[in-house]
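Keep the picture open while you read.

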Amino acid sequence: MMMNDLDFAYEDDDRNRHRRRRREAGVPVQQWNSQPQQPGWGYPNGAPQNPHYGYPPPNQPGWGQQPAYEPGYGQGYGQGYGTGYDPNYGGQPGYPGYDQPYGPEYDQGYDPGYQQDPNGHVYGGGNTPTQTRSGSKKKKKKKKKGKGFLIAMAVVLLICGGGGYFGYSKVAEMLTTPDFEGEGQGEVTIEIKNGASGTQMAKVLFDAGVIKSAKAFVEACDRNRDDADRIQPGTYKLRKEMSAAAAMALLLKPESRVKAGITIPEGLSTFKIYKLLAEKLKLPEADFKAAAADPVALGVPESWFVRKDGKTSTTRSIEGFLFPDTYEFPPKATAKAVLEVMVKRFMDVAKQIGFVEKFASNAKVSPYQGLIVASLAQAEAGNKDDLGKVARVAYNKVYLRKPEQSCACLQFDVTVNYSLELKGLPPKASKDFTQKELTDPANPYNRNANGLVPTPINNPGKLALEAAASPTEGKWYYFVAINKDGHSKFSETYTQFCKDNEEAVRNGVLASSSC
């Protein structure tokens, strides 16, 4: 029961009960009403008495002159008075029934405004007004909180669907991660990008309608971290409305991948790459040539075309930046998108091996010049063991020219062959070139052209890039292949070079000496 619900009329009933029982006991009511106030009746010391309660009117002898009460009599009933009156309290005989305890409701305190006379005095004893307000408010708050919670829950159920099973399912859904059940249906093709995180894969799957929520797939990845780490980039055929666990399992099955892998070998020129891609992807070769016209638009930074040898690149070429690797391109990829992927792969590898940083302190060679040397090593070396040595020969010929040398030039036939590709002509074997073709001064790629050629002549792999960035130490200026395994002999003098040529002839590698 709350304070607002209490009926304080019991106070008046209590007084009437006094009178009635005194009459029954034969005690005159007027005599009792005329009795002077006794100490300890619970009224404040000196409080005026209202005639309504049967006390002497104002200005009567003794009015307001009552002696002080003993400690505790102004604060409600003293110890023991809460369980019944003393039968002989105040010298009066006991009243029938007054020795019974008060009910629980009598401890709730009086309303602050109950029985106040015009001067502000409070009658009736019991708990003080302050105690009554505090207790009353606390109970009211508890009651309101309980009702508010029930109302809020009712509103939630109504909003979620009018109650019943539908409302319950809505509430349950808010407390659990949304996820489909089973293996799904239909078919959908999705692409997992290289380096995609679990969250990124989840978004791809959610956008394609494969899973019900991205969170479900992320949680599945967290529960099966080893499996999640084995998911490879590529194109996959999945089903719609799959559970997150089923989607992950299908991504791990090799048969789910769309096999469109294309391998670009090391050392191919851009022209050969365009032809290969056109055949595999069923796209016009001209689309690749058009897309490659602006290397910067494909992702090659401007800074890559800077040179430190005084030569300026009049033509910015994509040559050298199409990294050789095995790729899986989306079925509907454009020529531009394909080349962008290959350029990005080159940039990732270059960053991985610190290619640019290796040339930061080199006053003569920039990263672009290093890329040219890497392409030369890729074309001339017969095996990976000789890549670093060939790169060293190229640097020595151009930047450490000997007095007996006729030029600071490469004198490599492969550069001349690249110039033929630029013209759309097929390459030639060295024995088929004329001397004029090899040394044509109008051709910047001729054997005797001063310094490094204008651009890379092919697209080198990782090992060739590492060889150009950190060439093998040596003072070699010449080399020739001496066996059919592709191994070469390197020499510092022309005399030794001629001897190595004779060995190559004996081994059947050369038909005749080049000396």
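## Helix H11, end to end

Start with helix H11, residues 335–352. (The expected span is 1.5 Å times one less than the number of residues; helices, H or I runs of at least four residues, and strands, E runs of at least two, come from DSSP and are numbered from the N terminus.) After H11 comes Gly-354, whose phi is positive, near 65°.

A quick note on what you're looking at: this is a predicted model, where local features need pLDDT of at least 70 and side-chain atom pairs count only at pLDDT 80 or more, while totals for chains, interfaces and linings use all residues. Residues are numbered from 1 along each chain as its sequence is written, and side-chain values use heavy atoms, with hydrogens and water left out.

Which residues of H11 are buried? They are Ala-335, Val-338, Leu-339, Met-342, Val-343, Phe-346, Met-347, Val-349 and Ala-350. Buried here means under 20% relative accessible area, exposed means over 50%, and partly exposed is in between (1.4 Å probe, protein chains only).

These buried residues pack against several elements, including helix H9 (270–281), helix H10 (285–291), strand E4 (326–328) and helix H13 (367–380). Contact means heavy atoms within 4.5 Å.

Side chains of opposite charge can pair when their charged atoms come close. Lys-336 is partly exposed at 38% relative accessibility, and Glu-340 is partly exposed at 29%.

## Salt bridges elsewhere

How many salt bridges does the structure hold? The count is 20. One of them joins Glu-473 and Arg-392 (3.4 Å, N to O). Glu-473 is in the loop between H17 and strand E5 (478–481) and Arg-392 is in helix H14, so the pair ties together parts 81 residues apart in sequence. Glu-473 is exposed at 65%, whereas Arg-392 is buried at 14%.

Glu-503 also forms a salt bridge, with Lys-489, at 2.8 Å between the closest N and O atoms. Glu-503 lies in helix H18 and Lys-489 in strand E6, 14 residues apart. Glu-503 is buried at 18%, while Lys-489 is partly exposed at 33%. Finally, salt bridges that share partners join Asp-222, Arg-225 and Asp-229 into one network.

Note on methods: A salt bridge is a side-chain nitrogen of Lys or Arg within 4 Å of a carboxyl oxygen of Asp or Glu.
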